[in-house]
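Subject: Structure handover

Hello,

Here is the structure for you to look at. My notes on it follow below.

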Amino acid sequence: MKTLTTPVFCAIDTASLEHACALAEALVPLGLGLKVGMEFVNAFGPQGIEKLCEASPDAPLFIDLKFHDIPNTVAAAVRTLSSYFKPAYINVHASGGRAMMEAAKTACAAPTRLLGVTVLTSMDDAALRDVGQHDVASQVERLALLAGDCGLDGVVCSAHEIKTLRTACGKDFVLMVPGIRPAGAAADDQVRVMTPPQAMKAGATHLVIGRPITQADDPAQAARDILKTISN
Ligand code: C5P
């Protein structure tokens, strides 16, 4: 079984499968997990995930496909993915509702843990109003509580939501947090960023960090530097 002690999942957003496997080989021995998402799976398919697992059999894997469909369809996708790859985490959109999340949780094979996506960080209050929803802060909290009530293990959230959700959802609820930048690093297209120690101190369970590691001259050294700032 793939152990789950890593605080950091590296976002493997790369156009080359060879590069992805090289990153895995460099980073997993340091204790990092790997996150693959829609770009990776659409480019390389399930065979791509398989190759990555072969390159790094002990990697804790977060397959970030954000399922959103009717309960039966999502449950089938979750069942297949969790039983085949046995990733540490997969996720569904919490806005898919109670029946969908409950069906997904029932279908999710141990030891895979199921996370909910609350509100995409690309959405602001105005964008949510356009689709008939509440403001971001209350929608995030409402969906995180619903996800917990449906038995999900946690949510993906922005760094600025960690404190509120840690209080609202309890100490064991998994908070998986992207939008993390080491002090002094380029923000890239992330708008509201937090440093690794700030986010861990606020109560994050895991950090998702991509470009500050994958685009560094020495990704392993960049990862080591980050881990040093959050080890205590
Ligand atoms: O390179 P960077 O550290 O910005 O990568 C962050 C990763 O987390 C990317 O794979 C991105 O798609 C993902 N993500 C995010 N914000 C969210 C959800 C996922 O940045 N709200």
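Which kind of link joins the side chains of R98 and D149? They meet in a salt bridge, 2.8 Å from N to O. A salt bridge here is a side-chain nitrogen of Lys or Arg within 4 Å of a carboxyl oxygen of Asp or Glu.

Before the rest, some notes on the source. This is a predicted model, in which local features need pLDDT of at least 70 and side-chain atom pairs count only at pLDDT 80 or more, while totals for chains, interfaces and linings use all residues. Residues are numbered from 1 along each chain as its sequence is written, and side-chain values use heavy atoms, with hydrogens and water left out.

Salt bridges

The whole structure has 10 salt bridges. R98 lies in helix 4 (residues 98-107) and D149 in helix 6 (residues 136-149), so their pair ties together parts 51 residues apart in sequence. Helices (H or I, at least four residues) and strands (E, at least two) are DSSP runs, numbered from the N terminus. R98 is partly exposed at 36% relative accessibility, and D149 is exposed at 52%. Buried means under 20% relative accessible area, exposed over 50%, and partly exposed in between (1.4 Å probe, protein chains only).

D188 and R181 form another salt bridge, 3.0 Å from N to O. R181 is buried at 5%, whereas D188 is partly exposed at 40%. Shared partners join R181, D188, D189 and R211 into one network of salt bridges.

Nonpolar cores

A nonpolar core is a set of buried Ala, Val, Leu, Ile, Met, Phe, Trp, Tyr and Cys residues joined through side-chain atoms within 4.5 Å. The largest one has 69 residues, and F40, V78 and V92 have the most contacts inside it. Its largest share, seven residues, comes from helix 2 (residues 38-55). Apart from this core lies another of 10 residues, among them F62 and Y89.

Aromatic pairs

There are five aromatic pairs. Rings of Phe, Tyr and Trp (its six-membered ring) pair if their centres lie within 6.5 Å; planes under 30 degrees apart count as stacked, over 60 as edge-to-face and the rest as tilted. F9 and Y89 have ring centres 5.9 Å apart and planes at 75°, so the pair is edge-to-face. F9 is in strand 1 (residues 8-11) and Y89 in strand 4 (residues 89-93), so the pair ties together parts 80 residues apart in sequence. Ring pairs link F9, F62 and Y89 into a cluster.

Regards
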